[in-house]
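Subject: Structure handover

Hi,

Here is the structure I promised to pass on. My notes follow it.

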Amino acid sequence: MGLEIASQRPARMSIANTATGDVVEAQFNPAEFEEALEVNWARQTVPGLSHQPLQFVNTGNVKFTIELHFEALDPTADIDQIHFARRFLQSLCYPRRGAEDIVGGGPPRGLFVWPNVVSLTCVVTGLSFKYGRFRLDGTPIQFNAKVALEEIRDVRLLSEDVLADGSRRSGA
């Protein structure tokens with residue numbers, strides 16, 4: 001392995017608005033992220049039985065929590081890029097104009113992609129920003145965005161699909 005590997009840019013995590021096609025790529029990949037999944041069971045009560053049988057109800061949606069770091073390395077050139085990223089993430093929390101039905105009346109869906117790790121359709125369920133450094137006029141030039149994403153599917157997902165592909169969903 002030579003020094004050329006040090007100059008290569010790693011694959012970046014991105015979130016795309018599936019309605020508009022707008023995309024924000026992570027300026028820096030998160031150092032870590034959390035993936036959570038619930039399996040829901042109904043506890044059956046059978047009089048006289050020594051235990052509670054469990055009956056499968058469903059599997060919850062995959063949830064991810066990531067923290068993205070944005071910084072204007074050149075405060076005169078990069079400021080528009082990082083503030084677009086902030087507005088883009090915020091825009092995934094509000095309904096779109098002109099919705100004609102209940103499904104269309106919610107915030108847009110996103111496509112969360114981290115090459116070779118995750119690829120799934122999701123919605124933003126939580127968003128917070130923590131601002132750091134500022135220009136003299138008060139404009140933030142560094143902030144962290146904590147983004148909570150939850151998978152949203154329109155088709156059934158089966159054990160065999162997850163075993164084969166993990167959190168990378170196919171187009172089906």
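Ile15 has Phe112 in β7 as its bridge partner. Its strand, β1 (residues 14–17), pairs with β7 in the antiparallel sense over four bridges. Two strands pair if DSSP finds at least two bridges between them. Helices (H or I, at least four residues) and strands (E, at least two) are DSSP runs, numbered from the N terminus.

Before the rest, some ground rules. The model is predicted, so local features need pLDDT of at least 70 and side-chain atom pairs count only at pLDDT 80 or more, while totals for chains, interfaces and linings use all residues. Residues are numbered from 1 along each chain as its sequence is written, and side-chain values use heavy atoms, with hydrogens and water left out.

**Sheet**

β1 and β7 belong to an open sheet of seven strands, with antiparallel pairing. The order is β2-β1-β7-β8-β9-β6-β3. At the edges sit β2 (23–25) and β3 (33–36), each pairing on one side only. From one strand to the next, the twist averages 30°. α1 lies across β1, β2, β6, β8 and β9. It runs at about 115° to β8. Axes are lines fitted to C-alpha atoms, for helices over the stretch in contact, and angles run from 0 to 180 degrees between N-to-C directions.

**Core**

The largest nonpolar core has 27 residues. Such a core is a set of buried Ala, Val, Leu, Ile, Met, Phe, Trp, Tyr and Cys residues joined through side-chain atoms within 4.5 Å. Buried means under 20% relative accessible area, exposed over 50%, partly exposed in between (1.4 Å probe, protein chains only). Met13, Ile15, Ile66, Phe70, Phe112, Val147 and Leu149 have the most contacts inside it. Two or more residues each come from β6 (63–71), α1 (79–91), β7 (110–114), β8 (118–131) and β9 (142–151). α1 gives the largest share, five residues.

Met13 has contacts (heavy atoms within 4.5 Å) beyond four places in sequence with residues including Val24, Ile66, Leu68, Phe112 and Trp114.

**Aromatic rings**

A search of the whole structure finds nine aromatic pairs. Rings of Phe, Tyr and Trp (its six-membered ring) pair if their centres lie within 6.5 Å; planes under 30 degrees apart count as stacked, over 60 as edge-to-face and the rest as tilted. Phe129 and Tyr131 are stacked, because their ring centres are 6.1 Å apart and their planes are at 25°. Tyr131 is partly exposed, at 35% relative accessibility. Elsewhere, ring pairs link Phe33, Phe64, Phe112 and Trp114 into a cluster.

**Loops**

Asn116 is in the loop between β7 and β8. Its phi is near 70°, a positive value in a residue other than glycine. Most residues other than glycine have a negative phi. Asn116 is exposed, at 70% relative accessibility.

Arg97 is in the loop between α1 and β7. It is exposed too, with a relative accessible area of 84%.

**Whole chain**

The protein has two helices and nine strands. Along the sequence, the pattern is β-β-β-β-β-β-α-β-β-β-α. The radius of gyration is 20 Å, well over the 16 Å that the globule rule gives for 172 residues, so the protein is more spread out than a compact globule. That radius is taken over C-alpha atoms; the rule is 2.2 Å times the number of residues to the power 0.38. Of the 172 residues, 28% count as buried.

Best wishes
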